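Q: I would like to learn how to read the features of a protein structure, one at a time. Could we go through them together with the structure in view?

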Amino acid sequence: MEISVNSLKNEKILVLGLSTTGFAAAKFLLRAGADCFLSDSKEYPKDPVEAQKAEILKNNGVKFEFGGHTEDFIKGSKFCILSPSIPPESDILALLDELNIPYFSDLELSYLLKPENAEIVTITGTNGKTTTTMLTSHILGQKFFAPAAGNVGVSPLDYLCFENFIDNKELCAEQNKGDNTAKSPDFLVIEASSYQLHYTGAFSPDMAVFCNLTPDHINWHKNIENYFYDKAKMYDRMGENQHAILNLNDDAVKNIKTKAKIHFFALEDKYEELQNIDGAIDRASYIKGGKVYYGNEEIINTDEVPIVGNHNLQNVMCAVISAKIAGLDNETIKKGIKTFKAPKHRCELIITKNGISYYNDSKATNPEASIVAIGAFDGKKVSLIAGGRDKNTSLDEFSKLIKEKIDKVVLIGEAAERFNDALKDAGFSNIVFADTLSDAIDKAEEGNPDVVLFSPACASFDMFKNYEMRGDAFRDYVLSR
């Protein structure tokens, strides 16, 4: 589908859902002069922040319907931008198909409308996306305007800037060292979820990172094959002048087929395999002898990397490859790595006091993510706080690793009993229960561990609105005493 900014003027465009995506899409369409209609299956928001969004859009000419989607409101739309969490089998998508209204994510629209001088770097995978996105943005930002967008909470549409069209000065000032000149990004670094990528048909980034693959969002995708397909299909559209950055330590990811130039990143255990792939090492990032390399160039010592664990070394290697492709010199890349701070809620060191280091890994909403965090603390006495709303994925590997590496587990939330049973089946018995997160922190401190790690391996919705609120509660309690 061909779309230009000028072609949007006075056209009826539909937005589904008053979400972060919906709000950004509606603002974008207003600025483009479109006739924007927003339909939401939920009732008018009671939350004051969401209600304020609705009022802002309404006062600027957006037409609304709440509490359902009606044919009369929707028909005649040129296309639809939808909240990417809407399941593919939804009745509203069937209605859009019946009315011959194309629909896609904000990711697709951003790609179709991006200025020619802006390059897109996309990061996908199951775990590590946000850290890799923020780190890549931070390193590229040493020399370029390279804001992070997508699943980090800011739509890429917010950064698209055209002459006499979008005034993005506020975002520019926030992301570009105070420079509030409205401009297009040199690089737009996008964290792309499987939901967003599912609703694309043309999206083809200049660089595409695939961090790893483990089962997640299976209820939405129905099976891991569909989940993998949605994440990997962008590589089918990429050409020889684009770059695929793939994880050699992940059997599914390393075998992705694409016409793009392939750059592998690899931990030290895969160094020999990397050497045996013809020409691969020259455009790869890898670990050898306690150092991060790109090709034969030494970038940084691993003990200088400020974020912990092998998973974060993989995130660093992804960012190194993107930076080298962008033309950054090694000293600039090293400076970017050393000055980077972990995003909130992702194995984030809150404080060290009385000999205990407190790590907030609230973003670990599945066992695979917690496995990664647990592996970051070899040789430490660790008390793990886990539990929440269960995703009912396998706990076998999670329990096995806890038996090998964790001193004590404190369980909270709806999943506590199933986690307890799985841990006992694995032969681990130092388990205690807590009714609240603050109680769990108190109990985790008993026995003077080196580390209190909050890595729930579950969704937050039994006790908190989202993982951010859960992580904030952990931080606030740890710092309050």
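Predicted model: local features only at pLDDT ≥ 70, side-chain atom pairs only at ≥ 80, totals over all residues.

Q: How many cavities of 30 Å³ or more does the count come to, and which residues line the largest cavity?
A: Rolling a probe the size of a water molecule over the atoms shows where empty space is left. In this model the count comes to 1 cavity of 30 Å³ or more, and the largest cavity holds about 30 Å³ of space. Its lining is made up of Gly387, Gly388, Ile412, Ala459, Ser460, Asp462, Met463, Phe464 and Arg470, and these lining residues divide into 4 nonpolar, 3 polar and 2 charged.

Q: How should I read a sheet, and in what order do the strands of the sheet of 6 strands lie?
A: Strands of a sheet pair through backbone hydrogen bonds, either parallel or antiparallel. Here 6 strands form an open sheet with mixed pairing, and their order is E15-E16-E20-E17-E18-E19. Strand E15 (348-353) and strand E19 (431-433) stand at the edges with a single partner strand each, so one side of each has no neighbour in the sheet. From one strand to the next, the twist averages 20 degrees.

Q: In which sense do strand E17 and strand E20 pair, and which helices lie on this sheet?
A: Strand E17 (residues 382-386) pairs with strand E20 (residues 451-454) in the parallel sense, over 4 bridges, and valine 382 stands opposite valine 451 in E20. Helix H19 (residues 467-479) packs on the sheet and touches E15, strand E16 (356-360), E17 and E20, while its direction makes about 15 degrees with that of E15. Helix H17 (residues 416-425) lies across E17, strand E18 (408-411) and E19, and runs at about 170 degrees to E19.

Q: What describes two packed helices, and at what angle do the axes of H6 and H13 cross?
A: Two packed helices are described by the angle between their axes and the distance between the axes. The axes of helix H6 (residues 129-140) and helix H13 (residues 310-326) come within 9 Å and cross at roughly 40 degrees, and the crossing in which H6 passes H13 is right-handed. Among the residues that meet are Thr131, Leu135 and Ile139 in H6, and Asn315, Ala319 and Ala323 in H13. The residues of this contact divide into 8 nonpolar, 6 polar and no charged.

Q: Which strands stand at the edges of the open sheet of 5 strands?
A: This sheet has the order E3-E2-E1-E4-E5, with parallel pairing, and its edge strands are strand E3 (63-66) and strand E5 (103-104), each of which pairs on one side only. Within the sheet, strand E1 (residues 12-16) and strand E2 (residues 35-40) pair in the parallel sense over 5 bridges, with leucine 14 opposite phenylalanine 37 in E2.

Q: To which strands is strand E11 joined by bridges?
A: Strand E11 (residues 261-266) runs parallel to strand E10 (residues 243-247), to which 5 bridges join it, and isoleucine 262 in E11 is the bridge partner of alanine 244. A further 2 bridges join E11 to strand E12 (residues 285-288), again in a parallel run, where serine 285 in E12 is the bridge partner of phenylalanine 265.

Key
Residues numbered from 1 in each chain as written. Heavy atoms only, no water. 1 Å grid on protein atoms, 1.4 Å probe; cavity = no way out; pocket = protein on both sides within 12 Å on 5 of 7 lines; lining within 4 Å. Points joined across faces, edges and corners; volume = space filled by probe spheres on them. Nonpolar A, V, L, I, M, F, W, Y, C, P; charged D, E, K, R; others polar. Pairing = 2+ DSSP bridges. Axes fitted to C-alpha atoms, helices over the stretch in contact; angles between N-to-C directions. Contact = heavy atoms within 4.5 Å. Left-handed = near helix turned anticlockwise from the far one by under 90°.
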